[in-house]
Amino acid sequence: MSQPPSQPQLTPQLCFNTTALRDFLRLSRSTIDDSITQNLNALMTPASAGFDPSSTSSRQNRPAGKPLANPASCGAFKDNVLFPSWQSRADILNYCAGVATSEDPNDPDSMLRLVESARDRERVVDERLDPYSGRFFPREARTEMLASLIRNERSVENIIRARTWSLVTERCGDDNQGWQEAVDRWRTAREGPR
């Protein structure tokens, strides 16, 4: 069974290095969520009675409502692999969202944006002579680009979690709850009584 990659140290540099941020998210998703079927198949216990050749002569459907995997191993997989992986990615996305909403004193393009802004305010161009002169595309701050990336990655995360959770509930039995409720219940149990 796959183990999630270790969470990198949370620093603003990690957030602004979008390649490293995306690589961690991609690796974590591919290790756990993209291979969820293989991970769930690994939870299956082999037949205890041995192989019966006559079992291949007709199709054997799983009885409705009966999970395929052992409930104890499913619970262990969710508690020790799936939810910690999701929590690790959520921690990074939440941290980087905080970085994206805070002031960035180390933005290398901040002076360039200020100069361009001042220059563009002083520019006087006749729109009749140059119809494209009215178009001004200011540079986006790194924090704005990071905020956009985080919004996109959160959307991707929600889609992936919904897909993964549907497969988990299909193989492990229906918990009659969504993935958000299951993760919240796991967090509460992990934190313990207060």
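**Exercise 1.** Describe the disulfide formed by C74 and C172.

*Solution.* C74 and C172 form a disulfide (cysteine sulfur atoms within 2.5 Å), with their sulfur atoms 2.0 Å apart. This is a predicted model, in which local features need pLDDT of at least 70 and side-chain atom pairs count only at pLDDT 80 or more, while totals for chains, interfaces and linings use all residues. Residues are numbered from 1 along each chain as its sequence is written, and side-chain values use heavy atoms, leaving out hydrogens and water.

Next, take the torsion: about the S-S bond of C74 and C172 it is -80°, and the link is left-handed. C74 lies in helix α4 and C172 in helix α6 (residues 142–172), so the pair ties together parts 98 residues apart in sequence. Helices here are DSSP runs of H or I with at least four residues, numbered from the N terminus.

Last, check burial, which means under 20% relative accessible area (1.4 Å probe, protein chains only). C74 has 1% relative accessibility and therefore counts as buried; C172, at 11%, is buried.

**Exercise 2.** How many disulfides does the structure hold, and what is the pairing of the bonded cysteines?

*Solution.* The structure holds two disulfides. C15 and C96 form one of them, with sulfur atoms 2.1 Å apart. C15 lies in helix α1 (residues 12–16) and C96 in helix α4, so this pair ties together parts 81 residues apart in sequence. The torsion about the S-S bond of C15 and C96 is about -85°, so this disulfide is left-handed. Both C15 and C96 are buried. With the bonded cysteines of the protein chain numbered in sequence order, the pairing is 1-3, 2-4.

Technical notes
Helices (H or I, at least four residues) and strands (E, at least two) are DSSP runs, numbered from the N terminus. Buried means under 20% relative accessible area, exposed over 50%, partly exposed in between (1.4 Å probe, protein chains only).
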